[in-house]
Amino acid sequence: MEPLFAGLYALMDPQLLVLLFAATLGGVIIGALPGLNATTGAALLLPFTITMEPIPAIAILTTIYCAATFAGAITAILINTPGTSASATTCLDGYPLAQRGEAGRALGMATVSSTIGGIISVICLMLAAPLLARMAYNFAPPEYFALTVFGISMLATIGDGTPLKNIIAGALGVLLATVGKDLLTTVERFTFGFNELSEGIGFVPVMIGIFGISELLVQAEQLQGERKLIEMKAIKLPSREDYRRVWKTILRSSGIGTFIGILPAEGATVASMIGYNEARRWSKTPEEFGKGAIEGIAGSEAANNAATGGAMVPTLALGIPGSPTAAVILAGLMIHGLQPGPTMFTEQAEFAYAIFWAMLLVNITFIFVGLFGAKIFARVTFVPVQILWPIVFTFSIVGAYALDQSMLDVYIALASGVIGYFMRRFGYSVVPLAIGLILGGMLEKRLGQSLIMLDDQWWLMFARPLSLLFFVLTILALFGPFFWRLFTQRDSINSTGK
Amino acid sequence: MARFAVPCGTIVFCLLAYWLSTQFDRVPPILLRGMQPEDFPQMVLLLIMALSVLVMIFDKPIEHDPMTFNVWTSLGLFVVFALLSQIDLFLGLGVFAGALAYTWGERRLLGIGLVSVLSPTLIFLLFDQVFQIRFPRGLLTNIWYG
């Protein structure tokens with residue numbers, strides 16, 4: 001219990017609380033701005049946290065994560081443009097409700113569902129992360145290696161690309177992680193004579209490039225879009241009748257969101273889709289979905305915010321990012337010299353609990369920001385892209401330079417942006433690349449340690465029950481959807497008799 | 001065309017990287033613990049090549065519009081920025097931001113001034129004064145650093 005209260009005490013610095021409130025507002029603005037989302041926002045703000053102490057730095061990044069995920073709903077409801085992909089399903093019912101003159105009710109429901117979903121997931125995080133960490137405390141390198149392979153295999157199902165392309169993108173990230181000195185032999189690899197590269201390619205410039213600069217090029221393709229703000233008189237809390245209709249949906253979606261978030265690499269977007277679909281499936285009036293069903297908003301928003309807390313469970317307990325934004329936060333932890341994993345809950349427990357409290361705090365702050373500020377934040381969306389993106393570019397480049405004060409990082413960010421744009425254009429998601437880059441170093445280190453431990457008899461990894469379990473889960477993650485499709489196809493052929 | 005061009009390009013890149021990996025220094029067997037430095041990158045490269053072949057066979061081609069003028073212009077401005085940043089990072093940023101805003105349709109002098117002069121100056125001051133970041137010397141930064 002002591003670390004729990006020590007974490008809370010660490011947050012009770014008035015200066016830090018003001019900073020967290022500012023980060024909440026900043027996160028909401030990022031979530032509402034066109035093209036920016038929680039991942040891009042966290043990547044762009046990562047350089048700002050370099051000079052800070054670890055607790056404020058990571059608390060700010062997690063606050064931005066939660067706030068930007070929530071803010072996507074504001075623009076989804078008011079202008080039919082999801083601020084983040086996780087709010088795409090909120091558009092389906094939020095915008096029709098707004099068109100009927102019930103924007104205030106829709107936003108009120110989005111705010112309340114987000115808050116409840118977020119709080120439930122943070123409570124799960126507080127309970128599950130230390131337990132998971134305790135389980136993982138006895139992991140030896142083979143188990144860690146198998147776990148990291150499992151984490152990477154989950155990349156197959158995320159992002160916009162097909163599973164094959166996602167794995168290629170993830171493997172490219174792992175390959176990038178091999179640049180620099182080999183940890184076990186100290187031999188330099190792919191450095192081309194640049195001294196700056198001997199420590200490896202930095203996470204920050206690559207992330208700024210693939211999330212920020214590549215988005216600039218994507219925005220260049222969509223300059224003609226027009227947005228129209230819905231008239232909104234006031235935001236009101238959902239009525240008692242609304243609560244009666246949605247409480248089960250909120251609880252169900254919070255559970256779904258937390259669970260999806262805990263799965264390595266899966267994030268808020270998948271959670272909101274499943275949350276929305278389940279809300280429709282269990283609804284007494286599924287025909288209303290897509291036309292302004294209040295349960296649709298609750299299902300989507302509770303799930304996507306619950307996923308933020310869930311995603312932090314494997315990130316902090318195992319060092320495997322639970323979502324793309326969690327990958328950026330993981331990079332932030334590493335930059336501050338912190339090693340996420342079981343030891344975090346024994347050696348830096350106060351730090352871990354401070355993050356939990358920060359997330360809880362930001363979820364409560366949503367109520368005020370969502371109910372009183374939504375009208376103002378929706379207007380942020382109308383900042384002209386021709387003004388916004390040149391400023392974002394300037395921030396990106398200066399941010400990429402700032403970490404190591406190296407011009408090489410600026411060119412790496414620029415090159416990553418161009419590569420990221422073409423990857424997206426040809427159907428390769430950039431998220432697996434980022435996660436592969438973060439996990440690549442760990443993967444190689446743990447494989448090397450496992451081989452040393454097992455006297456180069458790599459097959460002995462399969463004789464260890466836990467590693468075997470993770471390898472089986474990896475195979476299921478990679479081929480499960482394929483076998484499931486084959487199974488359901490055969491089932492439908494049998495039932496139709498064709 | 002892209003269905004084969006991208007995986008083929010990836011395979012060529014991987015072959016080149018594989019060849020480069022064969023040039024790494026090797027650890028004498030008597031001192032070796034675990035893997036040689038090239039083993040892991042080579043495994044990853046082989047995996048990427050194998051998956052790229054599968055993409056060519058199984059993946060459906062993506063239909064997309066040709067790249068717009070704005071994208072080409074923005075890419076061209078990246079090159080201009082990279083060249084100008086050799087003279088001064090903030091000169092490059094100012095020119096890039098102003099030119100990008102103009103090519104994306106901004107015609108108000110105030111708007112262009114905001115992105116090309118005011119925002120780089122404020123960002124410079126923020127990082128220099130608050131975060132104590134030292135920027136590379138150049139034509140404009142020398143005015144500040146003296």
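This is a predicted model: local features need pLDDT of at least 70, side-chain atom pairs count only at pLDDT 80 or more; totals for chains, interfaces and linings use all residues.

Student: While we're on chain B, what does its domain assignment give?
Tutor: It gives domain 1 (2-58) and domain 2 (69-145) of chain B. Taken over C-alpha atoms, the centres of domain 1 and domain 2 of chain B are separated by 38 Å.

Student: Switching to chain A. What covers the buried residues of α17(A)?
Tutor: The cover includes α8 (163-177), α9 (203-221) and α16 (385-402) of chain A, together with α3 of chain B.

Student: Which residues of α17(A) are buried?
Tutor: A:Asp409, A:Val410, A:Ile412, A:Ala413, A:Leu414, A:Ser416, A:Gly417, A:Gly420, A:Tyr421 and A:Met423.

Student: How far does that helix reach, end to end?
Tutor: Helix α17(A), residues 407-425, has 19 residues and reaches 27 Å from its first C-alpha to its last, close to the 27 Å expected at 1.5 Å a residue. After α17(A) comes A:Gly427, with a positive phi near 85 degrees.

Student: Where does A:Tyr401 sit, and is it buried or exposed?
Tutor: A:Tyr401 is in helix α16 of chain A. It has 25 C-beta neighbours inside 10 Å and therefore counts as buried; the cut-off is 20 or more.

Student: What does A:Tyr401 touch, leaving out residues up to four places away in sequence?
Tutor: A:Tyr401 touches A:Met407, A:Asp409 and A:Val410. Along the chain, A:Val204 is 197 residues from A:Tyr401, but their C-alpha atoms are separated by 9.3 Å.

Student: Back to α9(A). At what angle does it pack with α18(A)?
Tutor: α9(A) and helix α18(A), residues 431-453, pack at about 175 degrees, with their axes 10 Å apart. The two helices are therefore roughly antiparallel, since angles over 145 degrees count that way.

Student: Which residues meet there?
Tutor: From α9(A), A:Phe203, A:Val206, A:Met207 and A:Ile210 meet A:Leu433, A:Ala434, A:Leu437 and A:Ile438 in α18(A). By class, the residues of that contact are eight nonpolar, no polar and no charged.

Student: Why is α4(A) described as largely enclosed by the rest of the structure?
Tutor: Because 25 of the 26 residues of α4(A) are buried. The helix covers residues 54-79, and its end C-alpha atoms are 37 Å apart, which agrees with the 38 Å that its 26 residues should span at 1.5 Å a residue. A:Asn80, which follows α4(A), has a positive phi near 60 degrees.

Student: Last one: what about A:Trp282, which helix is it in?
Tutor: A:Trp282 is found in α11 (residues 268-282) of chain A. With 13 C-beta neighbours inside 10 Å, A:Trp282 counts as partly exposed. The C-alpha atoms of A:Trp282 and A:Ile29 are separated by 34 Å, and the two residues are 253 residues apart along the chain.

Notes:
Residues are numbered from 1 along each chain as its sequence is written. Chains are lettered from A and ligands numbered from 1 in the order in which they are written. Domain bounds come from an automatic or database domain assignment. Helices (H or I, at least four residues) and strands (E, at least two) are DSSP runs, numbered from the N terminus. The expected span of a helix is 1.5 Å times one less than its number of residues. A residue is buried if 20 or more other C-beta atoms lie within 10 Å of its own, exposed if 12 or fewer, and partly exposed in between; C-beta atoms are placed from the backbone. Two residues are in contact if their C-beta atoms, placed from the backbone, lie within 7 Å. Axes are lines fitted to C-alpha atoms, for helices over the stretch in contact, and angles run from 0 to 180 degrees between N-to-C directions. Angles under 35 degrees count as roughly parallel, over 145 as roughly antiparallel, 65 to 115 as roughly perpendicular and the rest as oblique. Ala, Val, Leu, Ile, Met, Phe, Trp, Tyr, Cys and Pro count as nonpolar, Asp, Glu, Lys and Arg as charged, and the others, Gly among them, as polar.
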